[in-house]
Amino acid sequence: MILVRKPVPTPDQVRGRLFRDHALAVREQSFDRWLARFGPAALWLPGVVFMTAFFLVPVGWIVAQSVLDPDFTLKFYARLAGAPEYALVLWISLKIGLISSLATMLAGYPVAYLLVIARPGVRALMLAFVLLPFWTNILVRCYAWMLVLQTKGLVNTALIDWLGVIASPLPLLFNLTGVIIGMVHYLLPIAILTLYAGLKTIDLRLLRAAQGLGANPLRAFLAVFLPLSLPTLRATTMLVFVLSLGFYVTPALLGGRTEITVAMLVSTYFSDVLNWGFGSALAVLLLAVTLVGLTIYFALERSRAEVIAP
Amino acid sequence: MRIARSTLRTGLLAAALIAAAALPLRAAAEETIVFSGWGGTWQAAEKKFYFDTFEKATGIKVIDVPDVNLSKIKAMVASGNVEWDVVQAIGMWVPQKPATDALFEALDYSKIKTDGVPKELIRRNGVATATFAQVLAYNTDAFPKGKQPTSWTDFFDLKKFPGKRGFLNQPRYALEASLMAEGVAKKDVYPIAVERALKQWDGIKNDVVWWEQWPQAPGLLASGELAMTLSSQARIGGLLQQEKEAPVAFIWNQGIMTVDFLAIPKGSKHKEAAQKLIEWMLDPARQAEYAKATAVGPSNTKAFALLDDKTKETLPSYHFTKDELLVFDDLWWSDHLDQLTETWNKWKLAK
């Protein structure tokens, strides 16, 4: 074996290399310092910019528009307060929202639970069925429901002509029932996916442990899984309820004479009447009610957390 | 910190790439203008008879988009980013008053030939292009020959003409229909006596389906969900063209005639070309072709000379000359729409 000796660097070369390493190190240090100072900002800044541009500015614009015409005025709010019908419409919106979110949770929770305990293949298939309607346009869904729910539609034809269970058609369309069916159909995929994301973090071995200690599957579910899922359940319900307050296409197409929501009026005053001031006041009313609801929810959550924490 | 830095670099690079991709790519091309109308078969016919021929003759390309909407126009004008150059507007949108004058350019009639268009249909900021009739339509299975409705009076008579009713979920047309049902003469309908008009509706309040969108009505009527409804003569006609056997029919008597206008949103960057297109769409020969295909009435009276009697009878303007139609007063409505929308919702919510 022949040893090849590396040529010995001259003192100048050594100095040069040291100098270069040093320069690199200094640059690296200064970059690290820069990163330490501005790195976190670089991470939160896009979020803040996004929220400002797409949430704060538009909402601020809506609020400004509700009190300007073109000078400061409260006339739009005076009009809101002046007619009891607007309070009634708000109540109708809350009622429709409450019923549809409760129905959504009742239907969505079992599905999310099944998703959690299902085998991977079955779960993928189930998710596909959940996602399919999720990607369908809301107008298309409403028109489809009209075909299904009308007097001579699929449901009534099946019940009367095929099964003979009832004599006269059920009123399923152009009333509260129609609105709830349409809204639950829209909200279900959102609820199921949100619930599933929360529920899958629950350790299923706890269920097996409970059963090992003598609980039957139902008892294990009620005593172990259900309590652990409550925070997810509460958060999802709140999310679904907030979403349900913004519906205007579904109640307009599937509802009847008295299914008028605040969001429907906002849409009417913005696009048909072109009174953006009053439309904005209606939108602010809806936003305020939603914020009050959210505040109460978070206050309750916090007090609950304090009770649980030692 | 090495990993963090490389992640950060990748992140910044990705952000830069996304920003670059989001930049609008504008290809330089010959002049292009954008038309916004109602969409559907009507606009497909507009493309065939107006836009394609216009492009061939002038070299100006017309992009047509659906869902014209006044609040979108208002937003475009307010932001200064006017994307639509010609819009098909209902009469209420161009009522020649300051508020909406701010939304549309004044048309230069020294450059737009309007021969044949009636004077009352030429406005400062819009010129009529088409006429429609909102009529009483009914299901022929529900009302066989000899027992068919002939006026709005029959629409409000649930005893003689049983079955669900349908109507647009808006105060307009509803108030006119109920006044005519009571026997108010067409010339006395405006200004509308609102309370009197609503009183008539009280009688059938719970037997009406208040539909939201015009395409809903023909379908609900054909399926038998509704026995009678308001609809547009051109939509019922369109349904019968597609399905000859559909059990639907309509009456011209006491129909409400509406007029669509062509207008240019204020701030359009192609005003000259837009005015050229408007003139193109007023041509009697082209309007006649369009009317044959759609049963939408022409605004240019010279078009009638080019149509046979059978086609003429399918058009609103013909029935207007026979004094069967009420002309919708869009100027009155644009003044009262805000207040009447509130009155309307109050009435709907009351027991």
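This is a predicted model: local features need pLDDT of at least 70, side-chain atom pairs count only at pLDDT 80 or more; totals for chains, interfaces and linings use all residues.
Residues are numbered from 1 along each chain as its sequence is written, and chains are lettered from A, with ligands numbered from 1, in the order in which they are written.

**View 1. Chain B as a whole.** The secondary structure of chain B comes to 14 helices and 11 strands, where helices (H or I, at least four residues) and strands (E, at least two) are DSSP runs numbered from the N terminus. The C-alpha atoms of chain B fill a box of roughly 85 × 60 × 45 Å along the principal axes. Of the 351 residues in chain B, 44% are buried, a residue being buried if 20 or more other C-beta atoms, placed from the backbone, lie within 10 Å of its own. Among contacts in chain B with a separation of 6 or more, 71% join residues 24 or more positions apart, two residues being in contact if their C-beta atoms, placed from the backbone, lie within 7 Å.

**View 2. Helix H11 of chain B.** Helix H11 covers residues 284-294, and its buried residues are B:Pro284, B:Arg286, B:Gln287, B:Glu289, B:Tyr290, B:Ala291 and B:Thr294. These buried residues pack against helix H2 (40-58), helix H9 (233-242), strand S10 (297-298) and helix H12 (309-312) of chain B.

**View 3. The two domains of chain B.** The domain assignment, whose bounds come from an automatic or database source, gives domain 1 (32-131 + 259-327) and domain 2 (133-257 + 331-349) of chain B. Their centres, taken over C-alpha atoms, are separated by 26 Å, and 15 residues of domain 1 are in contact with 19 residues of domain 2. On the domain 1 side, the elements that give two or more residues are helix H13 (316-321) and strand S11 (325-327) of chain B.

**View 4. Helices H6 and H7 of chain B.** Helix H6 (residues 174-181) and helix H7 (residues 194-202) of chain B pack at an angle of about 80°, with their axes 8 Å apart, the axes being lines fitted to C-alpha atoms over the stretch in contact and the angles running from 0 to 180 degrees between N-to-C directions. H6(B) and H7(B) are therefore roughly perpendicular to each other, a term that covers angles of 65 to 115 degrees. Residues making the contact include B:Leu175 and B:Leu179 of H6(B) and B:Val194 and B:Trp201 of H7(B).

**View 5. The surroundings of B:Leu136.** Leaving aside its neighbours within four places in sequence, B:Leu136 is in contact with B:Pro149, B:Trp152, B:Phe155, B:Met228, B:Leu230, B:Phe250 and B:Ile251.

**View 6. The side of chain B that touches chain A.** Contacts between the chains involve 22 residues of chain B and 23 residues of chain A. Helix H1 (2-22), helix H3 (70-79), strand S7 (208-211) and helix H14 (330-349) of chain B are the elements that give two or more residues to this side of chain B. H14(B) gives the most, with 8 residues.

Technical notes: A residue is buried if 20 or more other C-beta atoms lie within 10 Å of its own, exposed if 12 or fewer, and partly exposed in between; C-beta atoms are placed from the backbone. Angles under 35 degrees count as roughly parallel, over 145 as roughly antiparallel, 65 to 115 as roughly perpendicular and the rest as oblique.
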